[in-house]
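Here are a few notes to go with your first look at this one. Have the model open while you read.

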Amino acid sequence: MATPVEDDLVEYGYRRVLITITAVLCALLEIVDTTIVNVALTNMRGSLGATLNDVAWVITAYAIANVIVIPMTSWLSQQFGRKNYFVASIIIFTTASFLCGNATNIWELIIFRFIQGLGGGALLVTAQTIITESYPVAKRGMAQAIYGMGVIVGPTLGPPLGGYLVDNFSWPYIFYINIPLGIMAAILAFTFVRSPKYGEKLKANQVDWLGIFLLTTFIGSLQFVLEHGQQDDWFNNSTITALSVTSVFGLVLFVWRELTYKHPIVNLSVLKDGNLRIGVVMCFILGFGLYGSTLIIPIYTQAILGWTATDAGLLLIPGSITTAFMMPIIGKMIQRGIPQGYMVGVGFLIFFFFTLMMYNRMTPSTGVEHLFWPLILRGIGLGLLFVPITTLSLSTLKGKHIGEGAAFTGMMRQLGGSFGIAIITTFITRFTQKHRIDLISNLDASKFEVQQRVALLQRGFMSKGFSSNEALKKAYQIIDYSVLKQSTVLSYMDIFLYLGILFLFCIPIIFLIKKGKNKVNPADAMH
């Protein structure tokens, strides 16, 4: 049976429709903003006179703020009231978007992006909690399906939308586009969202200030290490090493503090729920695969195939439409009692076949027609993973624990993405170096085929007016570039193969899911 508190929050009719639109809009705003800036970094560098390392902080600052605020969201909702906190987060996000667009130097932009990230992180988890509690238990699979559309489609919409705005207007417009949507979301949230009755507001001296400090230290250090580890050569860099140690100690002290303090900032006891524990692990893996594969494909199409940022972004859209199409179907399947574990197992298997197809189809001259069906398969796999995992994670939680559970799943999905991107970029660099050495070792200058290729290129450059020595030098540069291109493609193929093996090994996790607990209230099922 649903508790009276849960019944109070369930909405019906037009109110539920409007609350759903508000929640999805807010989730979409936040998620799009994590990827929309990627295509505008070069323009930002030029107009703000920043270095590549400086401009990378535009992404890092947002990600750090996001991951810090996500675990605190449930507690902050109780402190200030969910409605107040949600509306304030939308206003902070929208105002910061305006300030980002008006930044006059790179450090102003980084500060405003951090503030935007503090508002954005709250939007994601609070939107998930609101949409879950607005639907009766029987329809929560459908609720997660609708919410999932925003979370899955968002990262894909970012690059093509950002590319279009940068190509046709200028980079500040990637932030200005949030303003009318943010104002609309704030009005809808203020009018229709309700705060739950549970949770007492704490006095200032009861607040877990030490817990907040330790959480910020642990998550902030970890996120910095993941974002900058590869470019700073990991543990050969003293800053990365120091922050890694800080992160480990911060985590240990944070866990100790939360388990011993009377009013913890993050309620770790909610992880006693077995399905939430499994869900948190699977959310991490989902984030790893979602953000990892979203990272590789645009880089591959732009750096190797020579596509524009807009074309690279557009490639991902059919797969995202497939996911959006799958969401309500999967929501219906959950409502009809098909076990989520089976769907997750099939989703991991489909993701494995997607990675296998990418492994077999990647070349320096791959076309759209070769990538279309693998990405459609990826869209189907994401649909089968996202909705069942999020529904399963929160399925046995009640009352305020739903918000706490949503915070954990949101944080782990973001961290999974950060780990995925950090590990994948590291391995791309290392695999590329390995393949380059292997390929060069096969380029024996005494072989007739190699000599013939060099001579052909040399004659080609000499026909354009270059001297014999200049033409020979350029011929070697072409061959060197060709080797680098091929070794990079081979490294991408390796990454997809290992990603596929990872997803294959994840299938047995479904056998740990507890069955028979996700009972549906018959009265709810009638609405």
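This is a predicted model: local features need pLDDT of at least 70, side-chain atom pairs count only at pLDDT 80 or more; totals for chains, interfaces and linings use all residues.

At what angle do helix H15 and helix H17 pack, and how far apart are their axes?

1. Helix H15 (residues 317–335) and helix H17 (residues 368–394) pack at about 35°, and their axes lie 8 Å apart. Helices here are DSSP runs of H or I with at least four residues, numbered from the N terminus. Axes are lines fitted to C-alpha atoms over the stretch in contact, with angles from 0 to 180 degrees between N-to-C directions.

2. On the H15 side, the contact (heavy atoms within 4.5 Å) includes Pro318, Gly319 and Met326, while Phe372, Gly379 and Gly383 are among the H17 residues.

3. Residues are numbered from 1 along each chain as its sequence is written, and side-chain values use heavy atoms, leaving out hydrogens and water.

4. The chain's mean pLDDT (the predictor's confidence in each residue, from 0 to 100) is 78, and 89% of residues reach 70 or more. Confidence is highest in helix H6 (residues 82–101), at a mean of 90, and lowest in helix H21 (residues 522–525), at 34.

5. Go carefully at two stretches: pLDDT is below 50 over residues 1–6, and it stays under 50 over residues 516–527. Beyond four places in sequence, the model has 15 contacts for 516–527.

Methods. Helices (H or I, at least four residues) and strands (E, at least two) are DSSP runs, numbered from the N terminus.
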